Amino acid sequence: MATLTLREIQKSYGSLSVIKNIDLEVADREFVVFVGPSGCGKSTLLRMIAGLEEISGGDLIIDGQRMNDIGPADRGLAMVFQSYALYPHMTVRQNMGFALRLARVPKAEREKKVAEAARILQLEPYLDRKPGQMSGGQRQRVAIGRAIVRNPKIFLFDEPLSNLDAALRGQMRIELARLHEELNATMIYVTHDQVEAMTMADKIVVLQAGVIEQVGTPLQLYHHPANLFVAGFIGSPRMNFLKGRVTGLDGTGLSVDLPSGARVALPVETATVGTGDAVTLGLRPEALRLDPQGPLGGTVRLVERLGGLTLIHVDLDRDGPVIVQIEGSDGTAPHQSVRLGVDPAAGQVFDGTGKALPHLVRHPLTH
Amino acid sequence: MTLRGHGALFWRVAAISVVVEFTKPKRQARKPGTLILVAPSVAVLLLWMIVPLVMTLWFSFQYYNLLNPAGAGFAGIDNYRFLITDPDFWASLGNTLILLGSVLAITVVFGTLLAVLYDQPFPGRNIARLLVVAPFFVMPTVSALIWKNLMMHPIYGVLGFLARSVGLEPVDWFAEYPMASVILILSWEWLPFALLILLTAVQSLDHEQREAARMDGAGPIAQFFHITLPHLGRAISVVVMIETIFLLTVFAEIFVTTSGGPGNATTNLAFLIYARALIQFDVGGASAGGVIAILLANIVAFFLVRTIARRLEV
Ligand SMILES: Nc1ncnc2c1ncn2[C@@H]1O[C@H](COP(=O)(O)OP(=O)(O)O)[C@@H](O)[C@H]1O
Ligand SMILES: [Mg+2]
């Protein structure tokens, strides 16, 4: 059992407020990812949970107990650092057993736990090496092993994969997901990479400038982003944004006119907007398709053929550039004129303040 | 003074070559034809070392006393025999090692503690750092004079004044504790050096490592012994090596304060050689002392370079 509750958590350095009133619940055995651009306060928040950073205000509650004033070693947490922070003069075995040694755990038991962690992480052949003699991926696993050995209530990860190359990162993502299942542990993971967030999280917390923008499952964030920031941050290629004006409302949604005169109808709640209001249309690249009868017209600028997917960059007439993603390989060539259709169920409308109008058609996997 | 110069010169060359050896990225095979380009500097360095060395060796086998020109001639190993049977020589050898060992121990231990202390944030840290490093820039002769006349003099010195102001008898430091006084002065001179090197090393410690240790349950003391101290190993080796080079040949501080006395209480090998050559004018005996100094330097160098090389490998 390990649950974490943050209540109006704040952090300021002098007059600079870095974390502003964050409320969050982390359930037992949940894999929670904090994601956001660099400098948004993810690491600071994680380090406050770890006890490495003073909490300026609010309550940090682990398993029902207020932990604000408990030292980092006594909170029952373990952290994996971005730089791995292995002790260079110690062997892998000593690195992993260090916490147990400080806690005066008997040698036999210590050895057993280290061996168990080494087995889980396939580190057995390297136990007597020093970190300097290992590759980045292996060091990463040692850092994780050091956390596992302590059998913590909650694992904390601060951008653990950002020093690895792309192939290894993909591999470690899978390994971490496997580990989460095998250890049955609560994990909090910080990253600026939305792909890591999408692939590993049970729950994603999107942060910006010390404020939570949205909390939800990966698919909730993807299909029903709460605002322009989340919509733009989650998903690759990025969501296309088109400026427009509301021209009609009824119980089934609203229609938006774009500068080119094209009209798009979307099924969203209309309670907070009126006719003539400026809105932003958000269309995922896969919500657009090549369609000779479609409402949007433009010229192809660039085609990226990924084999299984094709990304077509289109400059719309007067409405701005968009990216269209279609399945399979496609023969569309640059400079060609095309027309684009819109899948209304996958489109978003954001009001003048950037807030999303709730969709009337919820994606089936986001309930 | 050229006689006692060999030891120091040897040392410097040894130190430089060790540093060069371990700081260059990877040993590369020398391209053919470059030998001729490095030959002149190698030749000059070789002459620079070989000529005084050979002359010292030569003189050490001669009867050569400036006060007794008539007695000149080949001496065989008489100079060495005379030196080895001279209790002053063994005393000076002992003094050299005591001086070396104590100053090394004091500067490394206190240098490490102070480095950790000065790494902590506290108000006025930058000024404090500047002040603590300052003694290193004072000339040896000057600092010896300051300590002798301004600090430790029983009548005019600050320490004497303090003692009198609380009603105690002032201590005549150089008469009563001559060796301790010299060690004190040398430590004062070399502590800033050790601190400077060790402070930069402490500052280069990855702060995430320290945080990882904190999460692993290491308090300040455990962090010091398990994280900071191992990290400083390399820097401590460098401090020991460089200080050894200079401490084996300490001269100015002794010359200015005690002149090797009282008796031979503070005569180290360098001062003994000086006394032989320029007080007793026995060039032959002094040269024999010089040769032994070179041997001593090389024995210490051998062990030092070996242990340090192992340290630097990691
Ligand atoms: N010790 C500090 N003093 C002042 N400002 C800090 C300190 N640590 C972090 N900050 C500021 O807090 C903000 C959040 O930092 P951080 O949590 O590291 O961001 P990230 O989301 O990239 O991990 C940044 O703007 C940073 O400048
Ligand atoms: Mg960060």
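This is a predicted model: local features need pLDDT of at least 70, side-chain atom pairs count only at pLDDT 80 or more; totals for chains, interfaces and linings use all residues.
The structure holds three cavities of 30 Å³ or more.

Who lines this second largest cavity? From chain A come Ala78(A), Met79(A), Phe81(A), Arg146(A), Ala147(A) and Arg150(A), while chain B gives Ala212(B), Met215(B) and Asp216(B). Looking at elements, strand E6 (77–80) and helix H4 (136–149) of chain A each supply at least two residues of the lining, and so does helix H10 (207–215) of chain B. By class, the lining residues divide into six nonpolar and three charged, with no polar ones.

## The surroundings of ligand 1

Let's turn to ligand 1. Its shell includes Tyr13(A), Leu16(A), Val18(A) and Pro37(A), and also the run of residues Ser38(A), Gly39(A), Cys40(A), Gly41(A), Lys42(A), Ser43(A) and Thr44(A). Sorted by class, the shell has five nonpolar, five polar and one charged residues. Helix H1(A) gives the largest share, three residues.

Several polar atoms of chain A are worth a look here. A polar side-chain atom of Tyr13(A) sits 3.3 Å from a nitrogen atom of ligand 1. The backbone takes part too, with a polar atom of Cys40(A) 3.2 Å from an oxygen atom of the ligand. For Ser43(A), an N or O atom in the side chain is 2.5 Å from an oxygen atom of ligand 1. Taken alone, ligand 1 exposes 560 Å², and the protein buries 57% of that. Strand E2 and helix H1 (42–50) of chain A are the elements that give two or more residues to the shell.

## Backbone details in the loops

Where in chain A does Pro237(A) lie? You will find Pro237(A) in the loop between helix H8 (228–233) and strand E11 (240–250). The peptide bond leading from Ser236(A) to Pro237(A) is cis, with omega near -5°.

Arg29(A) is not a glycine, yet has a positive phi of about 65°. This arginine is placed in the loop between strand E2 (16–26) and strand E3 (31–35) of chain A. Arg29(A) counts as partly exposed because its relative accessibility is 43%, which falls between the 20% and 50% cut-offs.

Gln122(A), also not a glycine, has a positive phi of about 55°. Its loop runs between helix H3 (107–120) and H4 of chain A. With 47% relative accessibility, Gln122(A) therefore counts as partly exposed.

Notes
Residues are numbered from 1 along each chain as its sequence is written. Chains are lettered from A and ligands numbered from 1 in the order in which they are written. Side-chain values use heavy atoms; hydrogens and water are left out. On a 1 Å grid over the protein atoms alone, a cavity is a set of points where a 1.4 Å probe fits but cannot get out, and a pocket is an open set with protein on both sides within 12 Å along at least five of seven lines; lining residues have an atom within 4 Å of a point. Grid points are joined across faces, edges and corners, and a volume is the space filled by probe spheres set on the points. Helices (H or I, at least four residues) and strands (E, at least two) are DSSP runs, numbered from the N terminus. Ala, Val, Leu, Ile, Met, Phe, Trp, Tyr, Cys and Pro count as nonpolar, Asp, Glu, Lys and Arg as charged, and the others, Gly among them, as polar. Buried means under 20% relative accessible area, exposed over 50%, partly exposed in between (1.4 Å probe, protein chains only). A residue is near a molecule or strand if one of its heavy atoms lies within 4 Å of it. A polar contact is a pair of N or O atoms within 3.5 Å; within protein, one must be able to donate a hydrogen and the other to accept it, and residues adjacent in sequence count only if both atoms are side-chain atoms. Accessible areas come from the Shrake-Rupley method with a 1.4 Å probe; for residues, only the protein chains shown count as cover.
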